[in-house]
Every structure is written in C-alpha cells, then in structure tokens.
Amino acid sequence: MSKMYSHTVYQKVAQLHCEHIDQGFLATLGPSFLTLLYEAIDKDKSSVLIAKEVNGKVVGFVSGAVSLRPIYKQLLYRPFSLFIALISCFLSLSKLLKIIEVLRISKNNPVLKGLPRHELLTIVVDPSCQGQGHAEDLFQSLCSYFEAVNVMNFKIVVGGNLARANAFYLKMGCVVAGEIEVHKGKHSLVYVKQCS
C-alpha cells in the first residue's frame, strides 16, 4: 500500500504540516526539516506515509509508525541535510530541550506501558478541502495499512486543547486510554483505535 513519493510530495506534505499543525513543536523546526522527516517516514520499512492527491494537488496526508527510532536513523543517513535543516535549533536552548522531550516521551512513561507500539503520527487535510471526507479516508487507509501488516490496534497522542482533533478521533471510534505530558505543562490525550 505504501509507495515511495517524490521529493515534491514530501515538500507539499511538510508545508501542510507547517501551516496546519502549527501548534505542535515539529512545525517550529521548519519545512526543510519536515521534508526530510516525511521522506524518512516513507523510506523506513516499519513506517508509512499516505498522501492523498486530487487533481495533482496534495490535499492531505497521514503517517504512522511502530517506533520513531528507525525514522531517526533514516534521518541520520542525510547528516549534512539534517544539520542544515536544524542549524537554527543549535542556537536555541528551548528548541534543544523540546527535542530532548520528544525523544524521551516513550521512555519509562507509565501511561504508555501496555498500549500498542504502533502509532498514528500525523494527519492533516488542507482546510480548503475539509468537509469532503478526506480525513476519514486517510484515517481508514491507515487502519487498512496496519491491518495488512497484522497490526490490530494503534495509539494516537493529541494535544488536550485541540478540540476538533479530539472530536475527530472520538468520531472515528478511538477510545481515550490516558493522559501524557509531552512538553512540560502541556497535556495530551492518548487514544487507542482497534483496526477491525
């Protein structure tokens, strides 16, 4: 189901992320880093990127993975590009600390113990194309992908203050499994979705 996309698609996916997941930390790292990140997700065998195109335009995408570690390894295959994309972070202590928080999220966290290892990482639909069923299609495509690789359930971590996102996951049949603090003082809900 997964396919290798072109660099242009990675750029469009990164732009959608920057513009529409703008409350998340990753967006602050910029489109160059996100382009590399989504290319790494697409190339990693244990992860998936599904982009939806309508008339040649990327209207949305969803990504999922069993773990972030192999994705980070993929990023390290492009050290020079990664360094250039993250150069501003090396000058910002707050960004460096947030990167460390993201890297440590799953380590020794009691909320995540016993939950599925697989995870929906990101899902975005261009606002001009919302209300047409694209988000639902992308979500179901991810469920189908996980089922095809014998994954029966997966988790989703979403900011507790993102009312529309939380409403969407509840509508899609996800169940709240707990609460987690990814970044200090900011609480997120952890959902679990059964694929079948």
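Author: The words helix and strand come first: helices are DSSP runs of H or I with at least four residues, strands are DSSP runs of E with at least two, and both are numbered from the N terminus. In this predicted model, the chain has seven helices and six strands, and along the sequence they follow the pattern α-α-β-β-α-α-α-β-α-β-α-β-β. Asn150, for instance, is found in the loop between H6 and strand E4, which spans 153–159.

Reader: What makes Asn150 count as exposed?

Author: Exposed means a relative accessible area over 50%, and Asn150 has 68%, so it counts as exposed. The backbone of Asn150 also has a phi near 65 degrees, a positive value in a residue other than glycine. That is worth noting because most residues other than glycine have a negative phi.

Reader: Where is Asn55 found, and why is Asn55 called exposed?

Author: Asn55 is found in the loop between strand E1 (47–54) and strand E2 (57–65). With 81% relative accessibility set against the cut-off of over 50%, Asn55 counts as exposed. Asn55, which is not a glycine, has a positive phi of about 50 degrees.

Reader: What makes Gln130 partly exposed?

Author: Partly exposed covers the values between the two limits, 20% and 50%, and Gln130, at 34%, falls there and is therefore partly exposed. Gln130 lies in the loop between strand E3 (119–125) and helix H6 (134–148). Once residues up to four places away in sequence are set aside, Gln130 touches Val125 and Arg164. From Gln130 to Val59 the C-alpha distance is 8.8 Å, although these residues are 71 apart in sequence.

Reader: Why does His187 count as partly exposed?

Author: The relative accessibility of His187 is 44%, which is between 20% and 50%, so His187 counts as partly exposed. The place of His187 is in strand E6, residues 186–194, and beyond its neighbours within four places in sequence His187 is in contact with Gly159, Gly160, Glu179, Ile180 and Glu181. The C-alpha atoms of His187 and Gly159 are separated by 6.3 Å, and the two residues are 28 apart along the chain.

Reader: How many disulfides does the structure hold, and how do you know that the sulfur of Cys174 is too far from the closest cysteine sulfur for a bond?

Author: The structure holds zero disulfides. A disulfide needs two cysteine sulfur atoms within 2.5 Å, and the cysteine sulfur closest to that of Cys174, in Cys143, is 7.4 Å away, which means the pair is too far apart for a bond. Cys174 has a relative accessible area of 5% and is therefore buried, being under 20%. By that reasoning Cys129, at 10% relative accessibility, counts as buried.

Reader: At what angle do H2 and helix H3 pack, and which residues of H2 and H3 make the contact?

Author: H2 and H3 (residues 69–76) pack at about 115 degrees with axes 8 Å apart, in a right-handed crossing. Phe33, Leu36, Leu37, Ala40, Ile41 and Lys43 of H2 make the contact with Ile71, Gln74 and Leu75 of H3. By class, seven of these residues are nonpolar, one is polar and one is charged.

Note on methods
Residues are numbered from 1 along each chain as its sequence is written. This is a predicted model: local features need pLDDT of at least 70, side-chain atom pairs count only at pLDDT 80 or more; totals for chains, interfaces and linings use all residues. Side-chain values use heavy atoms; hydrogens and water are left out. Buried means under 20% relative accessible area, exposed over 50%, partly exposed in between (1.4 Å probe, protein chains only). Contact means heavy atoms within 4.5 Å. Axes are lines fitted to C-alpha atoms, for helices over the stretch in contact, and angles run from 0 to 180 degrees between N-to-C directions. A crossing is left-handed if the near helix is turned anticlockwise from the far one by less than a right angle, and right-handed if clockwise. Ala, Val, Leu, Ile, Met, Phe, Trp, Tyr, Cys and Pro count as nonpolar, Asp, Glu, Lys and Arg as charged, and the others, Gly among them, as polar.
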